[in-house]
Amino acid sequence: DIQGFIFDVDGVLTDTAEFHYRAWQRLADEEGLPFNRQANEALRGVSRRESLLHIVGDRQYSEAALGEMMARKNRYYVESIQTITPKNLFPGAIELLQELRQAGIKIAIGSASKNARTVIEKLGIGNLIDAIADGDSVALPKPAPDLFLFAAKQIGLDPDRCVVVEDATVGIEAAIAGGMLSIGIGPATRVGAANIVRPNLIGVHLIDIQAQLKLAPA
Ligand code: BG6
Ligand code: MG
């Protein structure tokens, strides 16, 4: 049976995917690099460095310049997350977290972001979470399974006892690579490879998930 849930943060628990997008857009505009909301779709769940490399494309920058741009984007992003409060949790998130906790399910965070802890704190859900795997936990970014395997280990569970909740294609790929079940949040064009696909967390209940996962073996 399912014993643990591993939640991505940005775009799953709250709308920080939008804040990441705006920070990248600001940087791209300043650098005169072509970028827009559609191009940003490819960056969902992707690490800071990989995201920047994707945006600069063929343009040549020194390592120092890349480092400065990553720091600048992060300043914009960190500035934008200061306003986050528990009201910024996506609808259904707190209900699901509380239900899982009451059912004795372990809850971990599996986010590529080095800012995940700050976001969790600002959302006021630290007390509902058993372990955090973030952008500082492992070397290889999603779609490698390392981050989720690290999270599972933190909560003392085998991967096949865990369900990953993700909004990114690379996140679902990471869950599959790690031998975990997955719930994709968003359109099937993005998270269609997940065992279960839902538009958001509204009305997502453990009992339904368990039933659906039995019908859809990994
Ligand atoms: C992921 C986001 O959760 O974290 C990406 O979906 C982001 O957009 C990545 O690039 C890394 O985040 P950070 O905060 O370490 O730059
Ligand atoms: Mg995400």
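Predicted model: local features only at pLDDT ≥ 70, side-chain atom pairs only at ≥ 80, totals over all residues.
Colleague: Which other residues come nearest to ligand 1, and which elements give two or more residues to the shell?

Modeller: Ala112 and Ser113 are also among the nearest of the 18 residues around ligand 1. The elements that give two or more residues to this shell are α1, α3 (48–56) and α4 (63–81).

Colleague: Why is Leu201 called buried?

Modeller: The cut-off is 20 or more other C-beta atoms within 10 Å. Leu201 has 21 within that distance, so Leu201 is buried. Leu201 is found in the loop between β6 and α10 (206–215).

Colleague: What does Leu201 touch, leaving out residues up to four places away in sequence?

Modeller: Leu201 touches Phe90, Pro91, Gly92, Ala93, Leu96 and Ile185. As for Met180, which is 21 residues from Leu201 along the chain, the C-alpha atoms of the two are separated by 19 Å.

Colleague: What makes β3 and β6 edge strands?

Modeller: Each of them, β3 (131–133) and β6 (196–198), pairs on one side only. The open sheet has six strands in the order β3-β2-β1-β4-β5-β6, with parallel pairing. Its twist averages 20° from one strand to the next.

Colleague: How do you know that β2 and β3 pair?

Modeller: Pairing needs at least two bridges between the strands. Three bridges join β2 (residues 106–110) to β3, so the two strands pair. Gly110 has Ala133 in β3 as its bridge partner.

Colleague: Which helix packs on the sheet, touching β4 and β5?

Modeller: Helix α8 (residues 169–177) does, touching β4 (162–166) and β5 (181–185). The direction of α8 makes about 170° with that of β4.

Colleague: Which residues touch the most other members of the largest nonpolar core?

Modeller: Ile6, Phe148 and Val163 do, in a core of 60 residues. Helix α1 (residues 16–31) gives the most to this core, with seven residues.

Colleague: What is Val163 in contact with, leaving aside its neighbours within four places in sequence?

Modeller: Val163 is in contact with Ile2, Phe5, Met180, Leu181, Ser182, Ile183 and Ile209. Contact requires C-beta atoms within 7 Å, so each of these residues has its C-beta atom within 7 Å of that of Val163.

Note on methods
Residues numbered from 1 in each chain as written. Chains lettered and ligands numbered in written order. Core = buried A, V, L, I, M, F, W, Y, C linked by C-beta atoms within 7 Å. Buried ≥ 20, exposed ≤ 12 C-beta atoms within 10 Å, placed from the backbone. Helix = DSSP H or I, 4+ residues; strand = E, 2+ residues; numbered from the N terminus. Contact = placed C-beta atoms within 7 Å. Near = placed C-beta within 6 Å. Axes fitted to C-alpha atoms, helices over the stretch in contact; angles between N-to-C directions.
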